[in-house]
Structure formats: structure tokens, C-alpha cells
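Dear colleague,

I am passing this structure on to you, and I would be grateful if you could read the notes below with the sequence and the model open beside them.

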Amino acid sequence: MLSPTIEDALNEQLNAEAYSGYLYLSMVAYFESIGLKGFAKWMGAQTREEFFHANKFYNYIIERSGRVSLKTIDAPPNQWESPLAAFAAAYEHERKVTGLINDLVGLAREEKDHASEIFLQWFVTEQVEEEASVEEVIQKLKLAGPQGAGLFMLDNELSQRVISPLVAAAMTGIPAPAA
Ligand code: FEO
């Protein structure tokens, strides 16, 4: 059983993860609009990962006999000045999410909710990877320059990204009911 405080906080994070998916889906549309199919594919994989994260919170709340409470998802921006500006925004967003996860871990500790603290450890590790993968693209974008052959090559490289089998399996249907 979840305490009302933890239940509320987990529902807030479910919403934050859904917003992340929405934000990256908007970036997919932006990359499509400027003909960068590889960037769009990379960000599409990122979008699916975010909805997978939201799904993990959804299932965990139910598993702990809590009540899922879906909230309004804010509209994300739909335009960026450049691919670099979009990835810089993604990086800032990931840093914000890392802060939210850290706050949640602190709250679980305060509430002596050890199960939630253990559940959240997956996200602590995931956020390290999330920030690193976006930062890696930013470094490459800076090397490639704003247009021309460098950007074309990077677009080709980013088109190779595949989503993990774990995420792919989780995205094949509606959230699984708790056992
Ligand atoms: Fe779900 Fe990118 O953090």
C-alpha cells in the first residue's frame, strides 16, 4: 500500500514521463518537417522510451494497490531554431527529469517506503544514460556544423538507432494489468 504522499508523487512523475514522450514526439515532427529522417527516427525511439517510463510508473502504482490518476499533459513547443537547439532543449529537459527522480528518491526515503526507493533506482541509473545519450548527439552536432555534409552524415548515423527489445515488448499493447 502506498502512502497518499508517495501515490501523488508517483502520479506526478507518470505525468512528467508522458510529457517527455509528448515533447520528443513534437521534436520528431520538427525533424520530419526539415527533412532530417535520421534525427526523427532517433527521437522516435526516445519517444517510445518515455512512454515506456510512464508505463512503468503506471504498473508500479497498481502493483502497490495505489490509484492511477492521469492528469492533463501540457502542450510541448513545436518549433526549434535548429537541430542543435532541439537537442539542447532535450538535454535541459533530461536534467530536469533527473532532478525530479532524485526528489522522488528523497521523498521515498523520508516516508520509509523502501519498495519505492528500490523501484526508483532503475530510473536513477536510466537518467545517467538519458543525459549521456543526448549529450553525445549535442557534441556530434557541434562537430558537424549547422548544415552540409556533416549534418547529412550525422542524420544517417542517427537513423541506425533501434529501440531496446524491452521497450519494444512493452509498447505492443495497453499497459498490462497488475497480477
Ligand atoms: Fe523518462 Fe528521459 O526520462
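**What was found**

Ser65 is placed in the loop between helix 2 and helix 3 (helices, H or I of at least four residues, and strands, E of at least two, are DSSP runs numbered from the N terminus). The phi angle of Ser65 is near 60°, a positive value in a residue other than glycine. Lys112, in the loop between helix 3 and helix 4, also is not a glycine and has a positive phi of about 55°.

Before going further, please note that this is a predicted model, in which local features need pLDDT of at least 70 and side-chain atom pairs count only at pLDDT 80 or more, while totals for chains, interfaces and linings use all residues. Residues are numbered from 1 along each chain as its sequence is written, and side-chain values use heavy atoms, with hydrogens and water left out.

**Cores**

A nonpolar core is a set of buried Ala, Val, Leu, Ile, Met, Phe, Trp, Tyr and Cys residues joined through side-chain atoms within 4.5 Å, where buried means under 20% relative accessible area, exposed means over 50%, and partly exposed lies in between (1.4 Å probe, protein chains only). The largest nonpolar core has 24 residues, and those with the most contacts inside it are Met27, Phe31, Phe39, Met43 and Phe87. Two or more residues of this core come from each of helix 1, helix 2, helix 3 (83-110), helix 4 (114-144) and helix 5 (149-158), and helix 1 gives the largest share, seven residues. In soluble globular proteins, nonpolar side chains tend to be buried together.

Leaving aside neighbours within four places in sequence, Phe31 is in contact (heavy atoms within 4.5 Å) with Leu36, Phe39, Ala40, Met43, Pro83, Ala86 and Phe87. A second, separate core has 18 residues, among them Leu2, Ile6, Leu14 and Leu120.

The buried residues of helix 5 are Leu151, Leu154, Asp155 and Leu158. They lie on the same side of helix 5, because they cover an arc of only 105° around the axis, the arc being that of the directions from the helix axis to the C-beta atoms. These buried residues pack against helix 2 and helix 4, whereas Ala149, Phe152 and Met153 are exposed on the other side of helix 5. For Ala149 the relative accessibility is 56%, and it therefore counts as exposed. The C-alpha atoms of Ala149 and Ser20 are separated by 30 Å, and the two residues are 129 residues apart along the chain.

**The largest pocket**

On a 1 Å grid over the protein atoms alone, a pocket is an open set of points with protein on both sides within 12 Å along at least five of seven lines, whereas a cavity is a set of points where a 1.4 Å probe fits but cannot get out; lining residues have an atom within 4 Å of a point. The largest pocket has a volume of about 150 Å³, a volume being the space filled by probe spheres set on the points, with grid points joined across faces, edges and corners. Its lining has 13 residues, of which Leu14, Ala18, Ala54, Tyr58 and Leu70 lie nearest the centre of the pocket. Helix 1 (4-33) and helix 2 (37-63) each supply at least two residues of that lining.

**Some single residues**

Glu49, in helix 2, counts as buried because its relative accessibility is 10%. Not counting residues up to four places away in sequence, Glu49 touches Glu126, Glu130, Arg161 and Val167.

His93 is found in helix 3, and its relative accessible area of 11% is why it is buried. With residues up to four places away in sequence not counted, His93 touches Tyr19, Ser20, Leu23 and Tyr24.

Lys71 lies in the loop between helix 2 and helix 3 and is partly exposed, with a relative accessible area of 35%. Leaving aside its neighbours within four places in sequence, Lys71 is in contact with Asn11, Glu12 and Asn15. Lys71 and Gln147 are 76 residues apart in sequence and, C-alpha to C-alpha, 40 Å apart in space.

With kind regards
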